[in-house]
Amino acid sequence: MTGVQTCALPIFTFEPVRHEAFPALRLGVTAGMAGGVAPAVFNAANEAAVAAFLEGRITFGGIAAGIARALDAVSGPVAPTRDELMDADRRARAVVEAAA
């Protein structure tokens with residue numbers, strides 16, 4: 001084994017996720033498991049909420065709150081078409097913007 005010094009590699013440790021510290025992670029996992037438009041709603045709401053945070057319109061904690069609000073407000077079919085996904089995306093962003 002030339003060129004690789006295994007003793008120089010970093011040691012990684014993994015601990016259980018602290019969902020109370022990272023609420024958006026739980027929302028993302030839940031949206032992914034729900035399927036349908038939920039993952040698109042999560043993504044759109046996250047993008048809109050992060051933008052609002054970076055612009056100083058909401059607090060860091062407001063990001064997860066905005067995502068949760070959008071997931072509660074926007075629903076759609078189990079097997080959405082592209083147009084239905086785009087509509088869910090638009091509605092999710094509007095929910096976050098209205099609260100920012």
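Helices (H or I, at least four residues) and strands (E, at least two) are DSSP runs, numbered from the N terminus, and Asn-46 lies in helix 2. The structure is a predicted model, in which local features need pLDDT of at least 70 and side-chain atom pairs count only at pLDDT 80 or more, while totals for chains, interfaces and linings use all residues. Residues are numbered from 1 along each chain as its sequence is written, and side-chain values use heavy atoms, with hydrogens and water left out.

**Confidence**
- The average pLDDT (the predictor's confidence in each residue, from 0 to 100) is 93 for the protein, and 93% of the residues score at least 70.

- Asp-89, in helix 4, is buried (under 20% relative accessible area, where exposed is over 50% and partly exposed is in between, with a 1.4 Å probe and protein chains only), because its relative accessible area is 19%.
- Asn-46 counts as partly exposed, because its relative accessibility is 24%.
- Leaving aside neighbours within four places in sequence, Asn-46 is in contact (heavy atoms within 4.5 Å) with Ile-63 and Ile-67.
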